[in-house]
Amino acid sequence: MHRIPALLALLLAVAAAAPAAAAPKARPAPARSSAALTPAAFKVERQTLPNGLVVLMHEDHSVPTVTFWQWFKVGSRNERPGITGISHYFEHMMFNGSKNVAPKEYDRIIESSGGYSNAFTDYDMTAYYEDIASDRLEVLFRLDADRMAGLTLDPAVLKSEIEVVKEERRLRTENDISGMLDEQLYAAAFVSSPYGWPTVGWMGDLERMKREELVEYFRTYYAPNNCILVLTGDFDSKTVLAQITRHFGPIPAQPAPARPVNSEPVQNGERRVEVRYPAENVSFQVGYKAPAVGDADVPVLDILDSILGDGESSRLHRALVYEKQIALGVGSFFATRLEPTLFEFVVEMKPGHTAAAGDSALSEVLERLAKEGPTPRELQKAKNLVEAGFVKSLKTNNGVGQQIGFFEHVYGDHREMFRLLDRYRTVTAADCQRVARAIFRPERRTIAVLVPVGEDGAGATPP
Amino acid sequence: MTATLIGRARRGVVAVIVAALLVPAAASTVTAATTPAAATSRLTLPPATRATLKSGLAVVIVPTPRLPLVDFRLVVRAGSVNDPDGKEGLASLTADLLTQGAGSRTAVQIAEDIAFVGGTLTAGGGAEQLVVACEVLTKDFGIGLELLRDVIVSPSFPAEEFERKQAETIGAIQSARNDPATIADLALGPFLLGKSPLAHPAIGWEKSVAAITRDDVVRFHATHLQPNRALLAVVGDVDPKTVLAALETAFAGWKGGDERAGDAYQPVPQTSGHRVLIVRKPEVNQTQIRLACIGVPRNHPDYFPIRVANTILGAGFTSRLVNEIRVNQGLTYSISSRFGMFRNAGTYAITTFTKNETLRKTIDATFAEVKKLRDQGPTPEEVNKAKRFLTGQFPLGLQAPDDLAAQILDQDFYGLEPDWLQAFSARIDAVTIEDVRRALKSYFCVDDMRILVVSNPETARAALEGLGPIEVREPQ
């Protein structure tokens, strides 16, 4: 799914004329005039503190709560062999003690204030959020400024928490088939790019990580000038900015981190990797090399992602699940990232059907799209899905904050979310055809196949 | 769309699923201080318009103009509890087929028309609710309502779609045996609930799904999808008067039977003594663990004390279980306790996992923690914290129109007080420490827990020796 589809303005009644007219037997819509989702109406105030900390604020007083996001511009992309998984380890340790907040106190104080906190780590970012009642907001600034100012990294807590991380790796990767394939797909596809190692880290690295490495990593990447704060919901920007300045302002900036090394060579031939593991059925993942954010074709790839993989009417579902009836499920996935990445396909075959059959059906769909391009209705449908998807992503304060933070970090400017929508509107069938030809090239693809074996590892069925 | 994970959340607490969980995903948490949660006192829900259409369908309309979206949600009082013996999976398969041909449209046309407006249309069958949901931009209200109405009132159940979905369902049941957590969740129902109609997974068993015919589906639809057994919510950027008129027209032709739906199942007797079930999965290096007892029905007089007590034990990140099993001992990434509440019965289960080597240690430490809380009771600070967490998180579940629709319909479905949502925080605030102590002693069993693990049978058997009678089974 697109991490962030796009936009809004179109949704206004006028702009939406095309889809409405095409809807069969539509009845008159009992619409009220809703708040306009336009760049002008969707106000985001942006401030930068002297220490480089960026603050983005979007007020919405419909529910008496606030979501507070902190986007640190660090993810597994910033790691190196030997310390893979360190970014994600921080995601855990950020809840485990800072200068004035003892271990366990962070969660206790937040939950005692009726709040909820969580976080995620990905290749390009580590993002933390809290949902809390409006009148409790300042509690968060105190806690979060304290951990940005200095983590304790208590050796006993480090030792216990790494065991928790290892259980997380066992859950998501070592005992999960799609997790195993995903890890192997990226490891096989990339030979220099930092996307070649998993965000959760290799087990060996989790076992060897040292406290000094954590201390150094924290100083470099958890500095205020490497962070974006996003507030959405029921608050007053002026008051909140003063509070943020008071709590976060004194934290010193650090030298800007170096850009990660990425000397990924061009791929000139298919790469294939097998995972042999007990399973009821075959599944596989395919990745084609795809460009990073900033490339003019990225919006076209979002549209292709929708045409190929969004819902039961998508090309892949129609071909593999509905017509050939050889797969239980199929999906496409393209996320906008800071480094060149993969345009991925995930296929789970029906028991009794081979990966070869699935792969050939997948290739057939891709070749046909590259050869003929989408139909006009199909292209319009993709645009409508992407645009409606954006509106749906704004249903909660949390969702709004996630969009703003993502665009500010990955696209370098939160306002890009509106520009991206404009760009989607201009995508043509010829663009889709051209980009499909450029991306879905056999020599630029990697395939990871789950080969089912018996419990003892023997008796492989043909993939 | 895909299965790939975007983020690797630190805490995604794995939800326990027994049969089909209809419990509001409650949030949880806490409190500390003595002040009531200020935010919730300011919570004002938009006014709801309730009506019964001429066809007998009860509807509720709630305007929420924040985004140009509208959500429809129809809940029918029917589910896997109504599956005939030997045809387990019928309710779920019927629900799946609603969108695969209806009115004048084929399956492909339905998928195409809803996607063309960027909307979603889904149907699914749980234990005792069959839910059809549709979300569209407000300007597409007309097409959304038309598709929703057609799939509910006039599905065509084409023979070839029936065969395709039946085969897909059997494939999905087989493929579910790849995933240890799913195996555990599906096996827990029968192990805990025995022969109750609540016990089997909504998706059914391979054999029982294979035994279902298209006629069974047609009959299930005719019997159960009736206006006087259904509730419809419309929430979003809409004008209630106009919506009501549109609903009256759309559902005018929906004919119902005379009788009200009866209850398809009875309360389930409490378990007694430990029993152990090992579901074989020799290749795993991490064991999925479920510890469970019979719980309470949704409309239980001690609902609020139970919520507070359960928050203290196993919800949120500062619960007793998370604190001891995850934070202090590093035995797991996630542990939670949860009450699954249905109309006439319920379940109570603790869900966790750990590497195979620490299986017994994790179970013993978990039992010890529950016992300690039951015997010694919570501290006043914990009770306060749990109340604040619950009341603080409550408004978050009402912000998105689809979430609000689900909450409102649950209130009606389970026959709760009409002011239930509005009064939630006050009722949580009224819970005393004595209420919590009593709830812990009455509903949080330890010695009678069923113990289910998905693991290597040899190492698991050795580890669990002495806990109770052990049975080993293949995943179903």
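Me: Two residues are in contact if their C-beta atoms, placed from the backbone, lie within 7 Å. The model here is predicted. On that criterion, which residues of H11(B) meet which residues of H12(B)?

Reply: From H11(B) they are B:Arg320, B:Leu321, B:Glu324 and B:Ile325, and from H12(B) they are B:Thr362, B:Ala365, B:Thr366, B:Glu369 and B:Leu373. By class, this contact has four nonpolar, two polar and three charged residues. B:Arg320, B:Glu324 and B:Glu369 are the charged ones, because Asp, Glu, Lys and Arg count as charged.

Me: How do you know whether H11(B) and H12(B) are roughly parallel or roughly antiparallel?

Reply: Helix H11 (residues 320-328) and helix H12 (residues 359-376) of chain B pack at about 150°, and their axes are 10 Å apart. The cut-off for roughly antiparallel is over 145 degrees, so H11(B) and H12(B) are roughly antiparallel to each other. Their crossing is right-handed.

Me: What makes the arrangement of H2(B) and H8(B) parallel or perpendicular?

Reply: The axes of helix H2 (residues 90-98) and helix H8 (residues 214-224) of chain B cross at roughly 85° and come within 9 Å. Angles of 65 to 115 degrees count as roughly perpendicular, which means that H2(B) and H8(B) are roughly perpendicular. Here B:Leu90, B:Ala91, B:Leu93, B:Thr94 and B:Leu97 of H2(B) meet B:Asp216, B:Val217, B:Phe220 and B:His221 of H8(B). The classes are six nonpolar, two polar and one charged.

Me: Why are E11(B) and E14(B) called edge strands?

Reply: The open sheet of chain B has six strands in the order E11-E12-E10-E13-E9-E14, with mixed pairing. Strand E11 (335-341) and strand E14 (470-473) each have a single partner strand, so one side of each lacks a neighbour in the sheet. Neighbouring strands in this sheet are turned by 20° against each other on average, direction ignored.

Me: How do you know that E10(B) and E13(B) count as paired?

Reply: Two strands pair if DSSP finds at least two bridges between them. Strand E10 (residues 286-294) and strand E13 (residues 450-455) of chain B are joined by five bridges, so they pair, and they run antiparallel. B:Leu291 stands opposite B:Ile451 in E13(B).

Me: What makes up the domain contact in chain B, and which element gives the most to the side of domain 1?

Reply: Chain B is divided into domain 1 (45-250) and domain 2 (267-473), with C-alpha centres 28 Å apart. The contact takes 29 residues from domain 1 and 29 residues from domain 2. On the side of domain 1, H6(B) gives the most, with nine residues. The residues of that side divide into 21 nonpolar, four polar and four charged.

Me: How is chain A divided, and which element supplies the largest share of the side of its domain 1 that touches domain 2?

Reply: Domain 1 of chain A spans 45-248 and domain 2 spans 266-453; the C-alpha centres lie 28 Å apart. 33 residues of domain 1 are in contact with 30 residues of domain 2. Elements supplying at least two residues to the domain 1 side include strand E2 (54-59) and helix H6 (177-189) of chain A. H6(A) supplies the largest share, nine residues. By class, the side of domain 1 has 19 nonpolar, eight polar and six charged residues.

Technical notes. Residues numbered from 1 in each chain as written. Chains lettered and ligands numbered in written order. Predicted model: local features only at pLDDT ≥ 70, side-chain atom pairs only at ≥ 80, totals over all residues. Axes fitted to C-alpha atoms, helices over the stretch in contact; angles between N-to-C directions. Helix = DSSP H or I, 4+ residues; strand = E, 2+ residues; numbered from the N terminus. Parallel < 35°, antiparallel > 145°, perpendicular 65-115°, else oblique. Domains from an automatic or database assignment. Left-handed = near helix turned anticlockwise from the far one by under 90°.
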